Amino acid sequence: MTQIFSSAADAWLRLLAAGGLALVAGTTVAAVGFARSDYYTGANIHPMSQPVPFSHQHHVSGLGIDCRYCHTGVDTGARAGLPPTHTCMTCHSQVWTNAPLLAPVRHSLAENKPLAWRRVARLPDYVYFRHDIHIAKGVGCETCHGRIDKMPLTAKAKAFTMQFCLDCHRDPAPNLRPQDAITTMNWKPDAKTPAASQLAAAYHLRLGEITHCTVCHR
Amino acid sequence: MTMSEAPILPRDQSLGDVTDQLARIPLHFPTRRRWLIALSLSMLLLTLFAVSVVVLFTRGVGIWGLNIPVNWAFAIHNYVWWLGIGHAGTLISALLLLMGREWRNSLNRFAETMTLFAVVCAGIYPVLHLGRPWYLYWMFPYPATMGVWPQFRSPLEWDIWAVLTYLTVSVVFWYVGLIPDLGAARDRARRRGWQVFFGVLSLGWRGSAVHWLRWQQAYRLLAALAVPLVVSVHSEVSLLFAAGTIPGWHSMIFPAYFVLGAAFSGFAVVAMIAIVIRSLFALKNLVTDDHLDILGKVLLATGLMTAYGYVFEIFDAFYSGEAHEIQTVHDRIAGAYAWTYWGAIVFNFVFLQLLWWRCARRSPLVLFLVSTSVAIGMWLERYMILVTSLYRDFLVSSWGSYTPTFWDWSIYIGTFGLFMVPFLLIIRLFPVIAISETKEVLHEEQAEASHG
Amino acid sequence: MAEPRAYGLLAEFDTPEALLDAARRAREDGYRDLDAFTPFPVHGLAEVLDIRDTRVLWLGLAGGVFGFALALLMQVGANWSYPLDVGGRPVYALSAFAVIAFELTVLFAALFPAIGMLALNGLPRLNYPVFAASHFHLASRDRFFLCVRAGDARFDPEQTAQYLGRIGARTVELVPA
Amino acid sequence: MTQRSAPFDLAAIRHRLTQGGSRQWSSVEELTDDDEFRRWVEAEFPAAATILAGTGRRTFLKLMGASLMMAGLAGCGEGRSDAALPYVNQPENAPPGIARHFATAVTFEGYAQPVLATVYNGRPTKLDGNPEHPAARGASDAFMQAALLQLYDPMRSKTPLQKGQPTTWAAIESMVNTARAQWTAQGGMGLRFVVGDITSPTIIRQLRTLISALPEARIHRFEPVGCANRQTAMQLAFGRVAEPVYALEQCEAIVSLDDDLLGPGPWQVWHAQGWAKRRGEMKPGEGRARVHVAECVPGLTGVVATTRLAADPPRITLLAGAIAARLGVMQGQSATLSDAEHQWVTRAAEDLDAHRGRSLFSVGAHAPARVQAVACAVNEKLGNVGRTVRYREPMAALEGGSLADLARDMQAGAVTTVIVLDCNPAYAAPAELRFAEALGRVPTTLHAGLYADETAAACGWHVPLSHALESWGDARAVDGSATILQPVIGRLYQSRTVPEVLAMLSGAVGPDAQALVRETWAGTFGDDFDGRWRQALHDGIVQEEQPAPLSLSARVPDIATEPAPAEGIDIVFRPDPCVWDGRFSDVAWLQELPKPLTKITWDCPVAISPQLADTLKVGNGDFVELAAGPGKIAGPVWVMPGQAANTAAVFLGYGRAVHRNLSHGLGYAASALRGADDPWHVKGTIRRVDGHRSFATSQLHHRMEGFDFVKEVTASRPTTPPPKPQPTLYPEKSPEGYGWAMSIDLDRCIGCNACIAACNIENNVLVVGRDQVAMGREMLWLRVDRYYSGDIENPRSYFQPVPCMHCEMAPCEMGCPVNATTHSPEGLNQQIYNRCIGTRTCSSYCPYKVRRFNWFDYRKIDPATDAAHNPDVTVRSRGVMEKCTYCVQRIEAARAAADKENRDIRPGEVTTACQQACPTQAISFGNMNNGDEEVSKRRRSGRHYVLLEEVGTRPRTTYLARWNDDPGGEGA
């Protein structure tokens, strides 16, 4: 009998085996990574197009308008709410009255058709998030929505994964601020700010009780 | 069993003949026509299976006859049934290897093969029966962005691990045992294609003394592990029920009861396959009537032990005096599904009694029929254990009933295709009987003979 | 003249007994670098050739320990990372974790020696000198081969070949490297 | 996975319900009968085809719903539209996504059912009894809950019709104008109105004005159930119409002759609350509220009765006579009573006698008028009048002729115009009147209704009416107080309210619904109109002087004292407990509500006594034919334990002729047998005919089989056996913080289904259709188990509501491999739909089988429920398990409110939907770690027990054993 395989065959076989293993391992790692990627979570990626190129940067840091001026529901209800066209027109009936950029707003008013914004920060429908309680317990806008005052066009700042929510629900203290700093952007605790633990106590946080399922899912 | 002394294989055959005979089966396949017919039939069943699964996944488990309270039926009970069948393969192979029962060697290869695909059929059911199978991966611990993990206290979670472990170990055990024979087949092969095929699969096995040494260590170690594994796997399957509070499930005897039942049904199927294969490939010289005789005895033994389980279950219920338990026993014996109970008794134990007679054990036909009835009987038993416990549990108000639908049946019958197709391919492509081990036995016997 | 580099000499025997006998004598006569190729494990061959190796078994033990540890780590870890009240059971329900612990113990106790066996045997090895030997295909049929490797101190193509012939080899063949 | 409301939903809903909705429905209708389509279905959905054969549109839609999943494995297909539409001009104090509540009312047989409507973004999602209103006190019944779904019912009439073809209001108005010229010319000669019972001051005012303007016009009253019979009785007794009002909270002894006081109907909540109050107040041994019932068809009152007697209709008369005689109201009777009857009469009479002024003798409104009249006399004699019963002017005050009169006149050709206001005589009228046919002889016929029903089909013209929740209007509740109806949602279709239609008839152009109502109340409110108007709208009740009760003295009519020669069987008629007289038969979700005593859904049986079943050799589902006079009906049998031996009961509300109505193809039309003079009872024959129909029931087995799921306590044994100590290997729960628990008092439960109804709506429980229920796949989170024990001729019956037990040692949680069901620190057994992969292990392990599974995608089956979804609760998709959550959305809402104010949740701040709806407060819910809460008190009570305690699951839902006032039937 003669050799069935050339001496190179073994090399190929081993190469193949190694390649196969590498592929499997690589795919696994890639999949786990992909689920966390900005591409998948939609965080920090290019802002989606809106009917009006509304600039938070201009309105917040430029004009210093408080978040609650437009998002009126934020401390009273589950939803922050988008401003009705009328809110826009309170100013824009005076300034930029016929700026082409604002045409959609004027049409909306004229034809009594809502502006069709596209939702930037959305949670899955089975997550029952309440803005008001988070505000009431001292979680600032910035914590979840990022430096909105630096966004000419609005983009999602954080990956709203369950892990993201859990991190804070397990240990809220580091993300707490005094009520007067809720809407402040780029807020840093200063000398007068009470320590995180004191804040947590002051807000009567039910630590360890806000991670069970029905807090968010019903 | 005293067979280890008496010769199990006819001695008037040389090592060479045996080698050629067995290695020829893949290389110069006999009975091509019958094999092709069998394969195409199996293919049909497999297609039926595929179609049913597509419908199932698109429409939902509602296409089955399930309801509340009977929200488990065919899927789970066929899962248990298939898994049970699988166990015999491992048992025969491993247990008897350890006990040095030579007669095993003629049976272990296809017994193990049978195990592999029985376990595949079993393993696919828990997936099919999910309401949302596309989230199956949630049952495995992986770093999820949800931060949630599987629930390791759940018998269902245990089962996933048990079955996957069992499948992996079975494959490894099967393959390790196969390597030397693949080598032998390679050396018999003349056509290039076959040479490469067996050459690669045999990993260049060359039967060096030191290789044999390590091979034997590994193989025996695997066998030693396989036995407790089998026991644990089916015990866990039984926990899937025993861990619930439902009367008729919540019982201490379940693990033993299930393992024995599993071996019982498994040996029956091994016997069936042995009989078919030996006639199909004319292996009467290797799978001898003595083998059948032994199988018959084993079948009888495990059968009687299972019967004990039945008796004890009833005793248990009345001994506990627990109203619901007694109610369940009553429902089993006289309820709407009494036919499953009595069916199980008849098919499992009545025909079985034939095997007290040697001639019956040694007659392929009789043994085959008895084995078939056992397979059916055990299927009925699983059905009975599931449905009769669920359809009437505690509250009278939630009593219900269950009737399998077309799709229940189509998927079950389809799994036969899922089992047969790969099985047929394997016996077409690989040596169905362990060559090296058979030769070892043969040589020992000849040696004994020559030394007087 | 230059010696062709050889792998060794391959001596063919008819029965395992003949092989054992030959191997024993070869050892007595001082051959050390011996190997044998047989269609099935021949009792006592390892002792005669003085091969001792239990690493495979130790690998089994290691695998078991590894699997057990991994299982416990996984289950305890999961419940530590997100402790949830499940049916009033304890968070670290070791009795419940035992099942999967057992499974993984068995799993790795099986995988380690299986893979280890191949690795120690240097398999897969598709191309190997002895395959070139003219009768070697019978090594998986009904012939038993004794091999004196070229590495042996007393190895000499002619003398050793004659020696093997003397101790009953049916054929002797020089296997090129 | 879910559907949640976004602002401006209303637009979307209106769009779907009109365009999308209607097209889908009509097409499905055409399609289901079309062979071409059938072939297509067989090709596309083989399984569908098999089930499709001979089933209605609902089944079909179910299959479509399931088959929608063909669109891939997107099992939890969230419609991931990222559109965000703000208001253009945000309404005053209506921030999006925040629920607002409006007090208004829905009407049932003309009576107001005062409700508090929960409204999200202009979309009512829940109705609850108005807590401020004495006739509701926060409680509700199934019909009140269902009104919401009727509002969104896509089958509602959407446009005016002329001869079945869509037309415009303009066309209607011009038609009316020409007609009116003719009426005025002839002073209304030949103009007839058909109305149901009407309590609305506005409508009454308008009709009276119309009549005074057209003196020859006539009003005919027709209420298929109603209490016309009772009015006749009052005429007999007092010589004038009157309406008796019972104060059950005053009654220590109630004797009811075939009067299902606690049964379904406009009075249910009122009576149930009164009875429960009395039942709760009394101490053991002090008689509590003893109820003695003799009835021919088992009713809810019979279930809670102290003693119950099954009596055929003729015997009822004799029993009345016997009781009257014993109390000296009538001269000595020689009625031949059986021993059982005699014993019952003795006990009843003694109890009445022993509690003069604190008792009530009541006879069913459908019993012969004379017998009812006797009851008036008896109560007077007992001094109950003014205490437990008072008489008042009927709320439905309109005087008018009967439908029989109208039929006669129409046949005679004396009628030129018939205007049918919000009732359906063509379907419900006794067949012998041949009403629809007669209607055909009338030149001008106009029907105004919520549906284009049988009458609409028989009329030349039809106009759609607005639903009460879309309407300005007014109505009076059973207690006599008025409620002003205000719209809580914009009109979905081009419909008008009854006042608007009447205004149109009297020539007003483009009438303003609100103005018409204001006009009515101008007088009552006087100056400061706006103030009182706003007050009335806010409270949901008009503060006004209630007229003093009438003081009347009863004459005693003579009634039969000897049994009439018995020929044939007694056929009695009853309203269906779920669809009533058929007015609710298109509400899918009421169709699926299990009927209290039979647990049948989507169907209408002929209930016969076990004795009859035995003689006929029939079982449940076998067909029988009932014949009386010319009329015949055939229907499947239900053998009703405890029904009077010679009685067969047929139910109204089914066998609808309107093809698109859900009841089409279900059951029979009882009107075929009904007589015009006595619509409640006929003598007839019954025979077995071929055919069998298996019912879709939510409970297959009703006999308790010797188990004690429902425990009873008696005066001699006033406590349940103390719980056995249950050792456990597991860590004990700490009694810190909140420990949510529910306690259900089986002594108060009357099985009225209000809790189920409320639960379904609050928690978006989906309709699954008849076939699925038949397979045992109903979705009810809370079921009311019905058991009976004892002999089947006159068994003892029990109700037991079973929600999730929220076990502390929950077997289900242990079974779940993915942590989809876990335990909250506060003791909730949480079910997380979006984590569930559907292994169903939890349900297999559940000893109470309270878990429900989405076998298919049920979301698309019933568009009505679609629009009514509660935005705070996930709508479950295919393949996930669901179950009672203790209304966790309410708990979390309360917690958010509390946390914002840094306080604890107050006792009673969280109420579950079932608890809120229950008219008898059988259900209490709260924090069991706070010893002062009702639920903790109940858990300490002697009657407290745990269902299936031996299983050791430690449930948080527990029960209070039922009182048995009459152990062994030998008197207490």
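# A walk through the chains

Select W96(A), which sits in the loop between helix 5 (85-92) and helix 6 (103-111) of chain A; helices (H or I, at least four residues) and strands (E, at least two) are DSSP runs, numbered from the N terminus. W96(A) is not a glycine, yet its phi is positive, about 50°.

Before moving on, a word on what is on your screen. This is a predicted model, in which local features need pLDDT of at least 70 and side-chain atom pairs count only at pLDDT 80 or more, while totals for chains, interfaces and linings use all residues. Residues are numbered from 1 along each chain as its sequence is written, chains are lettered from A and ligands numbered from 1 in the order in which they are written, and side-chain values use heavy atoms, with hydrogens and water left out.

**Next, chain C.** Pick P124(C), found in the loop between helix 4 (94-120) and strand 3 (144-149) of chain C. The peptide bond leading from L123(C) to P124(C) is cis, its omega near -5°.

**Now chain B.** Colour this chain by pLDDT, the predictor's confidence in each residue, from 0 to 100. The average for chain B is 87, and 96% of the residues score at least 70. Residues 1-5 of chain B have a pLDDT below 50; this stretch has ten contacts in the model beyond near neighbours in sequence, a contact being heavy atoms within 4.5 Å.

Go on to P69(B), in the loop between helix 2 and helix 3 (74-98) of chain B. I68(B) and P69(B) are joined by a cis peptide bond with omega of about 15°.

**Show chains B and D together.** Here 58 residues of chain B are in contact with 61 residues of chain D. About 4900 Å² is buried between the two chains, 60% of it from carbon and sulfur atoms; buried area is the accessible area (1.4 Å probe) that two parts lose on being put together, summed over both. Highlight R59(B), I68(B) and R132(B): they supply 17% of the area that chain B buries against chain D, more than any other three residues.

Which residue of chain B forms a salt bridge with K849(D)? Select D393(B), where the closest N and O atoms of the pair are 3.2 Å apart. A salt bridge here is a side-chain nitrogen of Lys or Arg within 4 Å of a carboxyl oxygen of Asp or Glu. The count between chain B and chain D is one salt bridge.

Which helix of chain B gives the largest share of the side that touches chain D? Helix 2 of chain B does, with four residues.

**Finish inside chain D.** The domain assignment of chain D, which comes from an automatic or database source, includes domain 3 (569-697) and domain 4 (739-966). The centres of these two domains, taken over C-alpha atoms, are separated by 32 Å. Their contact takes 22 residues from domain 3 of chain D and 25 residues from domain 4 of chain D.

Together, domain 3 and domain 4 of chain D bury about 1900 Å², with 63% of it on carbon and sulfur atoms. On the domain 3 side, W589(D), E592(D) and P641(D) lose the most area to domain 4 of chain D, together 32% of what that side buries.

Last stop: R770(D) and D603(D). They form a salt bridge, with the closest N and O atoms 2.8 Å apart.
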